[in-house]
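Hi everyone, thanks for making time today. Let me put the sequence and the structure up, and then we can walk through them together.

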Amino acid sequence: MGLSAFIVERDRPGVSIGKEEDKMGMRLSCTSEVIFDNVRIPKDHLLGRKNRGFKYILDTLDHSRPGVGAFGVGIAQRAVEEATRYAKQRVQFGQPVANFQMVEEMLANMEIRAQSARQMYLHTAERIDAGLSFTMEAAIAKTAGTDAGMQNAIDGVQVMGGYGYMREYPMEKLMRDAKILQIYEGTNQIQRTVIAGQVKKKYGAKTAKGSTPSAPASPVKKEAAPVKAAAASVSAPEEKDNEDKNALNMLVCIKQVPDTTQIKIDPVKHTLIREGVPAIVSTFDTYALETALRLKDKTGGKVTVITMGIPKAEDALRECLAAGADEAWLITDRVFGGSDTLATSKILSTAITYLEEQSGKPFDIIFCGKQAIDGDTGQVGPEISQHLNRALVSYAVEVTLQDDGTLKCKRESDEGYDYFAVSTGCVITINKTSYDLRYPSFTTKRFARTAEIGQLTSEQVVVAPEERGLNGSPTRVLKTYTPRHEKNGMKIENLDGKAAAEKLTGLLSDAGLL
């Protein structure tokens, strides 16, 4: 027999709460004992499997300990800030006490503890997001963070002297709050036992005197991949090799557009007021990106994003990297400015061909949103398919990879939905899907901040002058406006249901709609 975990409601008969404890610190958090007096619980209140409760407790503690470490880091950081602020203001012997060597050493050590402990809980969070083991890292994060909080509070009181002991200043509260962090969620003495156990597993048992440790079985050597001069730094943290033959190499074309939720219409000119409006990734392009990421989740592979614009467009690419894309390219050159959809599709097609030649691997799928928010022509994706001579599926809302390697596309039509099977090496435009773009993880956000964005100019994307920019753009936009809203309806009143239906049918028939 073992422990089992159950859900027990607060108002279940037999459950009561004891007196509220009067604690030294953490006084904003109420602490009381929970009393169970002959409490009966239904079987369906069992959490997980029977006799697995202790394992669930340990797993829960593994996840909660980094948070306690982060709590300790917060106290450690506040302590060094308060101590430094006071030491710079407090004058003794004609100078601030912050200039005394012993005080400088204490402040330096306080900052070292806070910064070091912060890296530990961030490292642990990164391993959790990456799906890696983290029991030892969680214990280290908890121990390092809470010890840093306690010691910094003690040193902070010392730096502030008698004032640090007074309730008029926050340091004494930090000291009282910090102590419990070393005790709950497993004492720091227990954490060191956990860490030691993990260390012995990690580095193996001690060998007998004179014996030679056995070599690890089947060593595998990995050769470093060559780095191309023009390529972006795109390897996400702890990326795993995927040898699956079904792994897809995908590219998503995106566009940065004004946030339509913040755009207003000029009441006189009936044009968009874009000044001061932030830019976002086109909503339809986010549907395309999420579709690609979902295929990557199932089959493995790689997702590349590409856009064309000014250097500021890197922000949109980093947003895509944070969502999970692996590589980003920006086509940026003044000679491409003013391109309409025809010129844009030509430039993108040429850039796609260049990337395929550089990598030596064609894209299995090229995704585009069906349109940009600020333009409803829906032409770029179809034009790319024509330039590259690849099959096109437009207005797809779902794409899945079949066992035979073909792609099954669910597509919107006037009658509902159509289904198409298409081979890889195609272009797919995505309509509004049932899912939005996923939230970034800690790992992908960190990757997106530092990843290098590949730059492409007219030197790599070689397009004839008459096919790019204004010269390659036969379309001329003279004016955009909001059409007047005219009410042109008819109300059917004072008729029962059958008579109203017959009246409506007659009107539709007369209008040639039936």
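Let's start with E412, which stands opposite Y417 in β17. This is a predicted model, so I kept local features only at pLDDT of at least 70 and side-chain atom pairs only at pLDDT 80 or more, while totals for chains, interfaces and linings use all residues. Residues are numbered from 1 along each chain as its sequence is written, and side-chain values use heavy atoms, leaving out hydrogens and water.

Back to that strand pair. Strand β16, residues 407–413, pairs with strand β17, residues 416–422, in the antiparallel sense over 7 bridges. Two strands count as paired here if DSSP finds at least two bridges between them. Helices (H or I, at least four residues) and strands (E, at least two) are DSSP runs, numbered from the N terminus. β16 and β17 form a hairpin, with 2 residues between them.

On to the neighbouring pair. β16 also pairs with strand β15, residues 392–401, again in the antiparallel sense, over 5 bridges. In that pairing, V399 stands opposite C409 in β16.

Now zoom out to the sheet. What is its strand order? The order is β17-β16-β15-β18-β14-β7-β12-β13-β19, an open sheet of 9 strands with mixed pairing. At the edges stand β17 and β19, the latter being residues 454–456; each has a single partner strand, so one side of each is left without a neighbour in the sheet. From one strand to the next, the twist averages 35°. Axes are lines fitted to C-alpha atoms, for helices over the stretch in contact, and angles run from 0 to 180 degrees between N-to-C directions.

There is a helix to look at here too. Helix α9, residues 380–388, lies across β7 (248–253), β14 (365–369), β15 and β18 (426–430). Its direction is at about 175° to β18.

Next, the cores. In soluble globular proteins, nonpolar side chains tend to be buried together. For this talk, a nonpolar core is a set of buried Ala, Val, Leu, Ile, Met, Phe, Trp, Tyr and Cys residues joined through side-chain atoms within 4.5 Å. Buried means under 20% relative accessible area, exposed over 50%, and partly exposed in between, with a 1.4 Å probe and protein chains only. The largest core has 40 residues, and V252, L289, I365, F367, V399 and I428 touch the most other members. Helix α6, residues 283–299, gives this core its largest share, 7 residues. A second, separate core holds 22 residues, including I75, A87, M150 and M160.

Take I365 as an example. Contact means heavy atoms within 4.5 Å. Leaving aside neighbours within four places in sequence, I365 is in contact with L248, N249, M250, L251, L295, L407, C426 and I428.

While we're in α6, have a look at K296, which lies in that helix. Beyond its neighbours within four places in sequence, K296 is in contact with M250, G301, V303, G324 and D326. K296 and N246 are 50 residues apart in sequence, yet 10.0 Å apart in space, C-alpha to C-alpha.

Cysteines, then: how many disulfides are there? A disulfide is a pair of cysteine sulfur atoms within 2.5 Å, and by this rule the count is 0. C253 is in none, as the nearest cysteine sulfur, that of C368, is 3.9 Å away. C253 is buried, at a relative accessible area of 6%. The sulfur of C409 is 6.2 Å from the closest cysteine sulfur, in C426, and that is too far for a bond. C409 is buried as well, with 0% relative accessibility.

Most residues other than glycine have a negative phi. N51 is not a glycine, but has a positive phi of about 65°; N51 sits in the loop between β4 (46–47) and α1 (53–89) and is partly exposed at 35% relative accessibility. F93, also not a glycine, has a positive phi of about 55°. You'll find F93 in the loop between β5 (91–92) and β6 (95–96), where F93 is exposed at 77% relative accessibility.

Finally, the chain as a whole: it comes to 11 helices and 19 strands, and 36% of its 514 residues count as buried.
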